[in-house]
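Subject: Structure for you to look at, with notes

Dear colleague,

Here is the structure I promised to pass on to you. Please open it beside these notes, which are meant to be read with the coordinates on screen.

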Amino acid sequence: MALGNRRTARDRTAVPSGTDAVAAAATGRIGSWALAGGLALLTALIVLLDLITGEDLRVIPLLVVVPALASVFCTLRQTVWVAVWITVVVVASGLGGDGTFWDFFFGIGFTVLACALGVAACAARIRHATEMARLRSAAVALQRQILRPLPVVTDQVFAYGLYEPIEEDRFVGGDIYEVVETPHGTRVIIGDVQGKGLAAIGAGFAAIAAFREAAVREPTLTGVVEALEDAVVRHNVFSAQTGEAERFVTALVLGFDDEDRVQAVNCGHLPPRLLHEGRASAVPLRQISVPLGLAGLSRETRTAESFAFPPGATLLAVTDGVTEARDAARAFYPFDRRLADWAGHGPRELLDALGTDLEKFTGGVRRDDVAALALRRAPGDGGSRRASGAGEAARPVAGAVTD
């Protein structure tokens, strides 16, 4: 998804709208002309073979399997036409044969039954595919409603984002992010819920809702994280009561103030990358605690640490949908090697390059959501920062279109 309410041309292909997904579910995989040509050729071959074998071995009845095959690959209309054509061919063959009346009667009856079953199977397949497309589109729409549109401009940072959810029901993930301006500075979270499916979205929503409240209320970053821990634990208790599996959430929580340093609490998440002066490197966070929801399994107390974030630098935080993306040969995406080539890019250009390169690397076949935040310190005073940030956010991304 492009920034804000925009979506790039690449994203329109990767994440179709609900209407497009439902329409695609009812679309056949074989064109009408190709189907007609193939059906005519197959009919000619079967009829010719039947003439060669004669009455000793009738081959025409083999045509009854064609509607069943068509029901898998064709639209309902195409399957009906195939069924009608096969019925006509079998009836014509029976009328021209030397068999008895009962041979003709049972042959026609069997053909009609087989064709009717093929049409019914096609209708059932399309109905099921349409229902699944609606469910997948609803899940992605729910994810998009939970997460804030980016970019976001605060007194401390410009926050840009890349978010590409996956629509396949068993792969729908729980990637989360949020940027909140508070009396204590700007606070940011990016995280990934363990597991897939709608239950993962529910756990992600619980974490996001708790973060939005605690980020404003809690004076310390560790206080925010403790509130998130409590929220995930409460969600797990509720999930267990309703028969759902318990979840944990890996998360990176950041705190920005007016200094040139950033506070961070890493709850089992990937370390962020710092891009500055043409170099890209992982931020060496030493205090890595257990994911949210698992504090009861550890005796260690979560602590915050800080690192330098100079003006002009870009801080990039991603989920494992980026680092664990694979190509056709099952090789992992070379994330850090790619960042080295893009170290001189601005936040917006960096995310565009990352999204495009991921799509090319995976061939459009992904198994997890992709979420990335590119953060840059806002220069100047608060008023000028907001004005410049709003102006930059209003400029369209290269290749973007407005929904």
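What follows is a description of what was found, from the overall make-up to single residues.

This is a predicted model, in which local features need pLDDT of at least 70 and side-chain atom pairs count only at pLDDT 80 or more, whereas totals for chains, interfaces and linings use all residues. Residues are numbered from 1 along each chain as its sequence is written, and side-chain values use heavy atoms, with hydrogens and water left out.

Overall make-up

The protein has 12 helices and 14 strands, where helices (H or I, at least four residues) and strands (E, at least two) are DSSP runs numbered from the N terminus. Of its 403 residues, 46% count as buried; buried means under 20% relative accessible area, exposed over 50%, and partly exposed in between, with a 1.4 Å probe and protein chains only. The protein exposes about 19,700 Å², of which carbon and sulfur atoms supply 61%; accessible areas come from the Shrake-Rupley method with a 1.4 Å probe, and for residues only the protein chains shown count as cover. Among contacts with a separation of 6 or more, 74% are between residues 24 or more positions apart, a contact being heavy atoms within 4.5 Å.

The cores

A nonpolar core is here a set of buried Ala, Val, Leu, Ile, Met, Phe, Trp, Tyr and Cys residues joined through side-chain atoms within 4.5 Å. The largest has 53 residues, and those with the most contacts inside it are Phe 211, Leu 228, Leu 254, Phe 256, Leu 292 and Leu 315. Helix H7 (residues 198-217) gives the largest share of this core, with nine residues. If neighbours within four places in sequence are left aside, the contacts of Leu 254 include Thr 186, Val 188, Leu 221, Val 262, Leu 315 and Leu 375. There is also a second, separate core of 22 residues, and Leu 162, Tyr 333, Leu 351 and Ala 374 are among them.

Aromatic pairs

Three aromatic pairs turn up in a search of the whole structure; rings of Phe, Tyr and Trp (its six-membered ring) pair if their centres lie within 6.5 Å, and planes under 30 degrees apart count as stacked, over 60 as edge-to-face and the rest as tilted. The pair of Phe 256 and Phe 309 is edge-to-face, because the ring centres are 5.8 Å apart and the planes stand at 65 degrees. This pair links distant parts of the chain, 53 residues apart, with Phe 256 in strand E6 (residues 249-256) and Phe 309 in the loop between strand E11 (305-308) and strand E12 (314-318). Both Phe 256 and Phe 309 are buried. Tyr 333 and Phe 361 also form an edge-to-face pair, at 5.2 Å centre to centre and 75 degrees between the planes. Tyr 333 counts as buried because its relative accessibility is 4%, and Phe 361 is buried too, at 16%.

Salt bridges

The structure holds nine salt bridges, each a side-chain nitrogen of Lys or Arg within 4 Å of a carboxyl oxygen of Asp or Glu. In one of them, the closest N and O atoms of Arg 148 and Glu 178 are 2.7 Å apart. That bridge links distant parts of the chain, with Arg 148 in the loop between H6 and E2 and Glu 178 in strand E4 (residues 175-182), 30 residues apart. Arg 148 is partly exposed at 32% relative accessibility, whereas Glu 178 is buried at 1%. Arg 148, Glu 178 and Arg 212 are linked in a network of salt bridges.

Backbone details

Most residues other than glycine have a negative phi, and most peptide bonds are trans. A cis peptide bond, with omega about 15 degrees, joins Leu 150 and Pro 151, and Pro 151 is found in the loop between helix H6 (101-146) and strand E2 (152-153). Glu 277 has a positive phi, near 55 degrees, and is found in the loop between strand E8 (273-276) and strand E9 (279-282). Glu 277 is exposed, with a relative accessible area of 63%, and forms a salt bridge with Arg 279, the closest N and O atoms being 3.8 Å apart. Arg 330 also has a positive phi, near 70 degrees, and lies in the loop between H9 and H10.

With best wishes
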